[in-house]
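Open the model in your viewer and keep the selection tool handy. We will go stop by stop.

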Amino acid sequence: MSIEPAIDLDPAPADTKILVGDFSGDTANVNSGIVGDFSSAAGAFFLRTPTDETGINNGNDQYGVWFGTPGMPPVSNFNLPELPDGWAYEGWVVGDSGPLTTGRFNVFNMADDSAPFSETSQAGPPIPGEDFFINAPMGETFPLDIRNRTVVISVEPVPDNSPAPFSIKPLLGTAGMETAPSTHNFMQNLNSLPTGMVTR
């Protein structure tokens with residue numbers, strides 16, 4: 001089973017294949033194993049705000065979240081599978097009005113593809129993440145305190161016409177009160193992986 005564009009002129013299946021299974025007679029038990037094996041999914045994040053610093057820590061690290069282990073430079077520590085064509089990872093923080101993206105990525109030891117809310121005085125570290133200082137969406141007040149908020153890693157179809165997280169969310173975590181150098185661990189969220197039975 002694949003996710004197809006609303007207007008699809010290509011008769012072939014899209015790269016965004018989400019469910020796979022073999023038919024036995026008229027039924028098939030399907031699962032999302034074609035997207036990736038998330039049975040060992042793990043990772044950590046830390047609170048820090050590198051994009052508004054100019055050589056010293058400003059003491060406001062509760063306004064940013066970065067995926068990895070702090071250091072000089074920080075390093076990624078995801079245990080996630082490489083995704084097939086048609087899929088990308090995306091980080092999220094649940095704000096007051098809903099999920100806020102931290103950007104998409106397929107490489108763990110590089111910056112993600114966007115920085116919609118980070119300051120511009122300094123580049124972020126070479127890992128995915130975001131500071132929440134500028135361009136607050138409606139319903140949000142920035143700077144956004146990440147402490148006690150839900151942090152999510154989702155798997156998104158590419159292309160993706162929805163601003164909301166997709167249903168596959170292999171990692172969930174709650175930010176504690178500690179900022180870097182403390183880290184916060186993600187928990188596996190295997191319940192988000194779609195399975196089922198189809199008939200023909």
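Is Phe45 buried or exposed? Select Phe45: its relative accessible area is 0%, so the residue is buried (buried means under 20% relative accessible area, exposed over 50%, partly exposed in between, with a 1.4 Å probe and protein chains only).

A word on the model. This is a predicted model, where local features need pLDDT of at least 70, side-chain atom pairs count only at pLDDT 80 or more, and totals for chains, interfaces and linings use all residues. Residues are numbered from 1 along each chain as its sequence is written, and side-chain values use heavy atoms, leaving out hydrogens and water.

Rings of Phe, Tyr and Trp (its six-membered ring) pair if their centres lie within 6.5 Å; planes under 30 degrees apart count as stacked, over 60 as edge-to-face and the rest as tilted. By this rule there are 14 aromatic pairs. Phe45 and Phe186 make a tilted one, at 4.9 Å centre to centre and 55 degrees between the planes. Phe45 lies in strand β3 and Phe186 in the loop between β10 (184-185) and β11, 141 residues apart. Strands (E, at least two residues) are DSSP runs, numbered from the N terminus.

Now widen the selection. Phe45, Phe67, Phe78, Tyr89, Phe105, Phe108 and Phe186 form one aromatic cluster.

Move to Leu80. Its contacts (heavy atoms within 4.5 Å) include Tyr89, Phe108 and Leu171, not counting residues up to four places away in sequence.

Last stop: Leu171. Its bridge partner in β11 is Gln188. Two bridges join β9 to β11 (residues 187-188), and these strands run antiparallel.

Conventions. Two strands pair if DSSP finds at least two bridges between them. Helices (H or I, at least four residues) and strands (E, at least two) are DSSP runs, numbered from the N terminus.
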